[in-house]
Amino acid sequence: MKTELYIDGAFVPAAAGGHFPAINPATETAFAEVAAGQAEDIDRAVRAARRAFDSGVWSGLGGSGRAAVLRKIAQGIKVRVDDIAALETRDNGKPLPEAVWDIEDAAFCFDYYADLAEAAEARGDTRLDVGDERFESRIRREPAGVVGAITPWNFPMLMAVWKVAPALAAGCTIVLKPSELCSMSCVELARIIDAAGVPPGVFNLVTGFGPDAGAPLSEHPLVDKLAFTGSVPTGRKVMQAASGGIRTVSLELGGKSPFIIFNDCDLEKAVEWILFGIFWNKGEVCSATSRILVQRALYPRLLERLKQAAEAITIGPGDQDGVKLGPVVARSQYDKIMGFLERARTSGAKLITGGRRPDGFAKGYYIQPTVFADVPLDAEIWREEIFGPVVCVNPFDTEAEAISLANDSPYGLAGAVMSDDLERCDRVAAKLRAGIIWVNCSQPTFTQAPWGGFKSSGIGRELGQAGYDAYLETKQITRFDHGCDWGWYLGGDDPQ
């Protein structure tokens, strides 16, 4: 199977004709050939998006017109949930039930932003009282223009939809560049969008490598807004490229999220949420609660139970029933995580369980669920994002100490706190320096709620109303409502 790019309403080969393999991480074998777009393809896609935006063919539909098309896209995803999920499992390695939930969420996201587009049209402009009856002033929200979106491999379709759905709902046109490690479900998204009747040029897909396609998209002068999800180093490059053209940018970057657990917690509930917070999606989650802080009296019992639970997790190919932990996405990611684990052995941290390839898996990028304890606070595994099934656990004594340890990080995407004392949970949540805080849970994500972080974890917010507003510009329109009797330069009264 060979894929093509989707540019200006048509599936077309890459200009240079190249492809790269899509690798199944469970078998290490190729199952498809993905079109390798380059700068020439990006230029064609951006120019198509520019023409479509400037023509008004999409923004001119109004919110209700766009909403109708977005609901067709949502329905197109719903009828294909199972086969798209199976494709994502093959491409990414995640367990199939997780992939199903992701694709269902993607469909809901289109429906949700269809509703917001209709609501925005119904509200219309916002009228202002400027304190001078001679003037009428109002605020109008208009689409930002051409969007360049660069998306990651951990939730391939869902992370793309987090950008595509609100951008289209707002009236923007878009060029999507998904990760080269997991592009296949985004190709299917392009097919669904095409079948829904989105006008040519409004949505464009260019698959390819970062330097060849992502960098030219970031630097293209006809792009009005850049939206990126990925690593901090790449996000920094995207931001630098945006600054060259003075364009708006949204960045959703890495995390090293803390999870504070107090003595009064139910042990089984605490362990369950720890497992979900780090081993869901193989730990390939930007918000993963990978730093666990446990109050000292509970610490020994929790470590013992966490070890037992981690060792009981079923590992295997994501398409097998009962599997809870699939292979990590690619050889490059496997080698990166194994490098972290090798260096951790000399850091002074105590390996509780895991730390190597599981027995019985000669092929595939499998890594055991791994738990480290008593981790030095300056250790690499405590401070740096690993993006894999690796969790670090340390004790604390007081609430103030836990908050201090939790906030001692360059990241600020998410954080969690668990206690039966809800007043204490509220105090801690208020003091954690992160954009997403979970109380007595970890990782629930809702399309209706804003998503984004503090510090090095990013700029701006996705999802919710904020995710829609991110693709709008604000325009002030002020009208003088008293004919031509201003007279400031022709001898009239002082307008003040």
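What is the order of the strands in the open sheet of 3 strands? The legends below answer this and then turn to a helix pair.

This is a predicted model, where local features need pLDDT of at least 70, side-chain atom pairs count only at pLDDT 80 or more, and totals for chains, interfaces and linings use all residues. Residues are numbered from 1 along each chain as its sequence is written, and side-chain values use heavy atoms, leaving out hydrogens and water.

**View 1. An open sheet of 3 strands runs in the order β5-β6-β22.** Pairing is antiparallel. Strands are DSSP runs of E, at least two residues, and helices are runs of H or I, at least four, numbered from the N terminus. Two strands pair if DSSP finds at least two bridges between them. β5 (126-128) and β22 (472-480) each have a single partner strand, so one side of each lacks a neighbour in the sheet. From one strand to the next, the twist averages 25°.

**View 2. Strand β6 (residues 135-143) joins β22 through 9 bridges.** The two run antiparallel. E136 stands opposite R479 in β22.

**View 3. Helices α5 (residues 156-170) and α6 (residues 184-195) cross at roughly 45°.** Their axes come within 8 Å. Axes are lines fitted to C-alpha atoms, for helices over the stretch in contact, and angles run from 0 to 180 degrees between N-to-C directions.

**View 4. P156, M157, A160, V161 and V164 of α5 meet S185, C186, L189 and I193 of α6.** Contact means heavy atoms within 4.5 Å.
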